Amino acid sequence: MRFFGGYVHFRQDKLLYNQEDEDPETIKLLLAELKQKNQVSVGLLFAEEESIPDLNTIEKLLDFIPAWMQAAAQRHLDSLRFYSQELIDQFHRRDVYRQFFNHIDVKGQLKGREPVNQSLYLWSKTNLANYLLRMLGDGVEMAHSIEGRLPFLDHKVVELVRNMPISLKINGLTEKYVLREAAKPFITDTVYKRQKHPFIAPPSTFNLKEPLQQLIQDTLRSSAMSHLPFYNQCAIVQLLDKLPAMNDTQRATTDFLLLRVLSAYFLQEKFALT
């Protein structure tokens, strides 16, 4: 679905960089509508208007900053206070974006292409290959001797969609436009008009009395957690204390961090990574 411009950040890219002579006020209203209709993506995929100096490398190379990279950088900056100072000092001088683009053929694959297509290409080279397929798709399936079939990753489909104009992928605020139109005779109107949302599990933080949330609370507050060298336990405990006062969007965003820390804790306990 990513090749059809499915996620909210690709629609942001289209509004911001493929404006088709729209006036600034119209663009502003459309961006506000896009955000309002995609509350589940706020804090995760939707990029806020915020200047991040570390992204200057990307802007110099591409002449724009893909919205998904902006959103990821914002999440990283928001989470920095939860890491130990030793870890931050070890890596903060590295230009990770330059290191990443050293492995990308910018002139051959990106220059001269529509910004949305550049964003789609970079997404497929990072999140699709290293996260979605490795952790949520092929990697997990093959670990359990299951052969999964992904029809939208058939190379003929990808080649066809790659050459389509942006307006067939994203029409106004409607993502996957050509796919919706093709499927329209076979699906209900509700499905046809449904917004694209990230496929995530219900956050453990929605119900603070559930066993998983109790495990998070007990583990991350424990004395054993203080031996995990990557994190600032004091800041994490302060975050746990604030959970009851958070709204659903804040809790959903926080959930990713808490589960990541919990996973690191159990990996350390089981395999003694450090």
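## A loop residue with positive phi

K176 lies in the loop between β2 (174-175) and α12 (177-183), where helices (H or I, at least four residues) and strands (E, at least two) are DSSP runs numbered from the N terminus. Its phi is near 55°, a positive value in a residue other than glycine. K176 counts as buried because its relative accessible area is 14%; buried means under 20% relative accessible area, exposed means over 50%, and partly exposed is in between, with a 1.4 Å probe and protein chains only.

This is a predicted model, in which local features need pLDDT of at least 70, side-chain atom pairs count only at pLDDT 80 or more, and totals for chains, interfaces and linings use all residues. Residues are numbered from 1 along each chain as its sequence is written, and side-chain values use heavy atoms, with hydrogens and water left out.

## D63 and its partner

D63 is found in the loop between α3 and α4, and its phi is near 75°, a positive value in a residue other than glycine. Is D63 buried or exposed? With a relative accessible area of 61%, D63 is exposed.

The side chain of D63 meets that of K111 in a salt bridge (4.0 Å, N to O), a term that stands for a side-chain nitrogen of Lys or Arg within 4 Å of a carboxyl oxygen of Asp or Glu. K111 is partly exposed, because its relative accessibility is 41%.

## Other salt bridges

By this rule the count comes to 7 salt bridges. Side chains of opposite charge can pair when their charged atoms come close. One of the pairs is K35 and E48, whose side chains meet at 3.1 Å, N to O. This pair also links distant parts of the chain, since K35 is in helix α2 and E48 is in the loop between α2 and α3 (56-62), 13 residues apart. K35 counts as partly exposed at 29% relative accessibility, and E48 is partly exposed as well, with a relative accessible area of 31%.

Another salt bridge joins the side chains of K37 and E33, at 2.7 Å, N to O. K37 is partly exposed, with a relative accessible area of 39%, and E33 is partly exposed, with a relative accessible area of 31%.

## The enclosed helix α1

Why can helix α1 be described as largely enclosed by the rest of the structure? The reason is that 8 of the 10 residues of α1 are buried, and these are V8, H9, F10, R11, Q12, D13, K14 and L15.

D13, which is placed in helix α1, is buried yet has no salt bridge, and the nearest side chain of opposite charge, R11, is 10 Å away; for such charges, Lys and Arg count as positive and Asp and Glu as negative, while His and the chain ends are not counted. The side chain of D13 does make a polar contact of 2.8 Å with the side chain of S119. A polar contact is a pair of N or O atoms within 3.5 Å; within protein, one must be able to donate a hydrogen and the other to accept it, and residues adjacent in sequence count only if both atoms are side-chain atoms.

N117 has its place in helix α8 (residues 115-135), and at 11% relative accessibility N117 counts as buried. The side chain of N117 makes a polar contact with the side chain of K169, at 2.8 Å.

## Two surface patches

L212, L215, L259 and F266 form a nonpolar patch on the surface, with about 300 Å² of accessible area together. Patches are made of residues with over 30% relative accessible area and no salt bridge, with like charges joined within 9 Å and nonpolar side chains (Val, Leu, Ile, Met, Phe, Trp, Tyr) within 5 Å; accessible areas come from the Shrake-Rupley method with a 1.4 Å probe, and for residues only the protein chains shown count as cover. Helices α14 (211-220) and α16 (248-271) each supply at least two residues of the nonpolar patch. L259 is found in helix α16 and is partly exposed, with a relative accessible area of 31%.

On the surface there is also a patch of negative charge, where D21, E22, D23 and E25 gather; the place of a charge is taken as NZ of Lys, CZ of Arg, CG of Asp or CD of Glu. E22 lies in the loop between α1 (8-17) and α2 (24-36), and at 35% relative accessibility E22 counts as partly exposed.
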